[in-house]
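Please read them with the structure open.

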Amino acid sequence: MAIDKNSTGYTFLFSVIMVVVVGTSLAYTSLSLKERQDANAADKKMMDILGAIGIDANRTNANELFADYVVERVAIDMSGRELLATATPVDPKDKADPFGIDVKKDYRASVKSAVKAADGDEAALMAALSEDDLRFPLFRCEKDGESLYVIPVVGSGLWGPIWGYVALEEDKTTIYGANFDHKTETPGLGAEIKESFFTEKFKGKKLNSNAVALFTVTKGGAPTDQYSVDGITGGTITSKGVDEMINRTLKVYYRYFESETRAQR
Amino acid sequence: MSTDTAAAPKKESLFSKKNRRLLSDPLDDSNPITVQVLGICSALAITVQLQQAVIMSLSVLFVMIGGNVIVSLLRNLIPDRIRIIVQLVVVASLVIIVDQVLKAFQPDISEKLSVFVGLIITNCIIMGRLEAFALGNKPGPSFLDAIGNAIGYAWILLAVSIVREVFGSGAISLPGMGQVKFLPAEWFMSEGGFYENNNLMILPPMALITVGIIIWIQRSRNQSLIEEN
């Protein structure tokens, strides 16, 4: 039977079959590899958290080191209330586990637009986000007998998302270390936030709980004090993004730290 | 239509002289990068480290072979009017599979290659070969043509990335071995030595210049490539 290859019916049939075959095979690939990919993402997260407290982990020992150093995982809400604290081994499948909180997803879904709408007005931002049931993870680590607090931060750079981890010392005002990463910042300019020359500058800096801004990333070359670091020249908007995400996020954790201190008294 | 590569044309052996040229031509006379100037974007973008170039080359090899063979097998079934879309779908699916596999098994390299794996879809070499060759030839020769072109692409990538990494980072990296610094640390100026890595090598312009030099050498050796004007 001769089929007219150029008839509309044949073209249509061909497309339908093609879409079904391709769709099935891609869905199958994606599903069968998902577990591995998730495990890789979890490893990467552990490496980043450990990186913030100065532990160099790789994919093979990340799990082990994470269990060694991270002694407690806490989830808090926007107003600084503790929701859950756990010290059990990380279970990637457990939705309640603070380790599984996807701060990047929350940022994309609600925080980003709220930050834009609030335009620096803190009360408005609080009000806008109060209904979203956001959870914030906090990782308490023990290193050399000292408690360190690792806080994930997420924000916007010039082209896309930027994120990182900030580690605080036991006094909760001194920065122990930080690391940042980005998706699509300009190489050589904004992308430099992930380089060590930039993150090194955060070490030993203080958070100023009495001022409006806890911490400032100044515009390239401006003088810095103990509450600020020099931003990246030519990467002004990315530097501002780092500034914004640190301030916005750490304020939430400050409310938690304060309520915790009050409880101890 | 049910023939695969092993049972390719009976009259003509798979490794006849004509078919062997399918393999060897793209390496030099019709090299996709230096002669046809296709696929330049990725050649410039991911040649900072040898390791990335190797993974990229393997990915392109896989997509190229898969795409060429599949399109060649379907060549008598594909409706003419939607042939470009069909080719695109075949290439895109293969690329997504590569991307997913890299994410699962080579997460670090997948991170470094970032968008460029996805951009294999738009690599003109692949679409070009599908349209120009696979659509009109049997799977056997299409398979050879795919290998030839992918390797023609790969060797330029590898050459450029070796030059850039050696002079730009003073090191060489292979998958699974990490970056091997072969120069003694005390040679570097930061350690009081005399040598400094050339930072320009890391930047994109130097990839273009390196490709240009390769083209120059190639044309001075092979005068038939020089256009008359």
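**Notes on the two chains**

1. Chain B has 229 residues, of which 36% count as buried. Buried means 20 or more other C-beta atoms within 10 Å of the residue's own; exposed means 12 or fewer, partly exposed in between, with C-beta atoms placed from the backbone. This is a predicted model: local features need pLDDT of at least 70, side-chain atom pairs count only at pLDDT 80 or more, and totals for chains, interfaces and linings use all residues. Residues are numbered from 1 along each chain as its sequence is written, and chains are lettered from A and ligands numbered from 1 in the order in which they are written.

2. The make-up of chain B is 9 helices and 2 strands. Helices (H or I, at least four residues) and strands (E, at least two) are DSSP runs, numbered from the N terminus. Along the sequence the pattern reads α-α-α-α-α-α-α-α-β-β-α. The C-alpha atoms of chain B fill roughly 65 × 45 × 30 Å along the principal axes. Take the contacts in chain B between residues at least 6 apart in sequence: 75% join residues at least 24 apart. Contact here means C-beta atoms, placed from the backbone, within 7 Å.

3. Look next at helix H3 of chain B, residues 50-73. Of its 24 residues, 17 are buried, so H3(B) is largely enclosed by the rest of the structure. Its length also checks out: at 1.5 Å a residue H3(B) should span 34 Å, and its end C-alpha atoms are 34 Å apart. The expected span is 1.5 Å times one less than the number of residues.

4. Now the interface. On chain B, 15 residues are in contact with 17 residues of chain A. Helix H4 of chain B (residues 83-105) gives the largest share of the chain B side, 9 residues. That side divides into 10 nonpolar, 2 polar and 3 charged residues. Nonpolar covers Ala, Val, Leu, Ile, Met, Phe, Trp, Tyr, Cys and Pro; charged covers Asp, Glu, Lys and Arg; the others, Gly among them, are polar.

5. Chain A carries an open sheet of 6 strands, in the order S2-S1-S3-S4-S5-S6, with antiparallel pairing. Two strands pair if DSSP finds at least two bridges between them. S2 (82-86) and S6 (175-182) of chain A stand at the edges with a single partner strand each, so one side of each lacks a neighbour in the sheet. The twist averages 20 degrees from one strand to the next.

6. The pairings in detail. S1(A) (residues 70-77) joins S3(A) (residues 135-143) through 7 bridges, and A:Asp77 stands opposite A:Arg135. S3(A) pairs with S4(A) (residues 146-156) over 5 bridges; A:Glu142 has A:Ser147 as its bridge partner. These two strands form a hairpin with 2 residues between them, and A:Asp144 in the turn has a positive phi of about 50 degrees. S4(A) and S5(A) (residues 161-168) share 8 bridges, with A:Pro152 partnered by A:Tyr165.

7. Last, the cores. The largest nonpolar core has 50 residues, and A:Ile53 and A:Val150 are among those with the most contacts inside it. A core is a set of buried Ala, Val, Leu, Ile, Met, Phe, Trp, Tyr and Cys residues joined through C-beta atoms within 7 Å.

Definitions and conventions. Two residues are in contact if their C-beta atoms, placed from the backbone, lie within 7 Å. Axes are lines fitted to C-alpha atoms, for helices over the stretch in contact, and angles run from 0 to 180 degrees between N-to-C directions.
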